[in-house]
Amino acid sequence: MRSARLVGLLPCGLVTAPGKSDPPLRRSLGQHHLRHGESAAPAVDFLDVSGRTVIEIGPGGGVLTRLLLERGASRVLACELDPSWAFALRRRLTDRRVRLAVGDACDLGYERTPVAARIAGNLPYNVATRIVSRVLERAPVGLRAAFLVQREVAERLTAAPGDGAYGALTVLTQARAAARRLAVVMPGSFVPPPAVTSAFVGLKRIESPIAEEEWLDFRALVRTAFSRRRKTLLNNLAAVMDRPAAAAAISDLGLPPKIRAEALGLGRFVELFRVVELLKRI
């Protein structure tokens, strides 16, 4: 990936000057840096980075960056929100394969990412689901990503119907990616240690059963279905559409009238979406 493509992917300037010293970690940015590369080894194994460009989100102290380079990444484009740490990392890492830029990972042009590239990162807990959703909604089919997130988020991304963690995020993730938990990372593996346990999740972008022009409507339906977990699917749908129509959609699928959203797998949600869209046109 050439520099011009890097600029197109991340609309901000590259960091070329080194910092003078390591800055303090800022809790407001959710900065918890990994201590050792071994913690990230399962994620790098999943990504298979040898000879590939890797987009790294939140490189922090550079532990994951170094491991990516050691495993043979041809180039690492590291996006760091904190300018002081971006400059500090520029001082730490002199490898010419590293390109550092200051910017918000939510603004990355993921749709421009080559399929052969990889995306990795230790994500701040407060924006993790937002970044994961952006990647899955914009990145091309076939691309692989691995993220370090709060274990609770990892469980939601990889849950099965009926699990306590199963919800809208699960369904929307499965509609665009194959997801699996790669490794659990304990608080002591970070500086400073967070109050919760973390986990690496591996994602492989797949062809979605929902067309791009239908995605916003499908996302809205799924979120509505899980909007009040103690309510039945019918009651949740009836809050935003005609109740007889919602009942007819559930009946057409042969589902019990008191079924809850957490009992439906992705395939059933796709069927429900098709029926609801058809009823809208009647």
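I looked up what covers the buried residues of α6 in this predicted model. The cover includes α5 (128-138), β7 (144-150), α7 (168-174), β8 (177-185) and β10 (198-205). I then listed the buried residues of α6 (residues 151-158) themselves: V153, A154 and L157. They span an arc of only 100 degrees around the axis, so they sit on the same side of α6.

Next, the aromatic pairs. I count four. I looked into Y166 and F226: the ring centres are 6.0 Å apart and the planes stand at 70 degrees, so I note this pair as edge-to-face, the cut-off being over 60. Where do Y166 and F226 lie? Y166 is in the loop between α6 and α7, and F226 is in the loop between α8 (215-225) and α9 (233-238). The pair therefore ties together parts 60 residues apart in sequence.

I checked burial for both. Y166 has a relative accessible area of 0% and is buried. F226 has 9% and is buried, because the limit is under 20%. I also find Y166 and F226 in one aromatic cluster with F269.

Then charges over rings. R144 lies over the face of F46, 5.0 Å from the ring centre. For R176, the charged end sits over the ring of W215, at 4.4 Å from its centre.

Last, I turned to β4 and β5. Strand β4 (residues 75-80) runs parallel to strand β5 (residues 98-102), and five bridges join them. I find L77 opposite R99 in β5. With helix α4 (residues 83-92), β4 and β5 make a β-α-β unit, and I note its hand as right-handed.

Terms used. Residues are numbered from 1 along each chain as its sequence is written. This is a predicted model: local features need pLDDT of at least 70, side-chain atom pairs count only at pLDDT 80 or more; totals for chains, interfaces and linings use all residues. Side-chain values use heavy atoms; hydrogens and water are left out. Two strands pair if DSSP finds at least two bridges between them. Helices (H or I, at least four residues) and strands (E, at least two) are DSSP runs, numbered from the N terminus. A crossover is right-handed if, with the strands pointing away from the viewer, the path from the first strand over the helix to the second runs clockwise. Buried means under 20% relative accessible area, exposed over 50%, partly exposed in between (1.4 Å probe, protein chains only). The arc is that of the directions from the helix axis to the C-beta atoms. Contact means heavy atoms within 4.5 Å. Rings of Phe, Tyr and Trp (its six-membered ring) pair if their centres lie within 6.5 Å; planes under 30 degrees apart count as stacked, over 60 as edge-to-face and the rest as tilted. A charge sits over a ring if NZ of Lys or CZ of Arg is within 6 Å of the ring centre and within 35 degrees of the ring normal.
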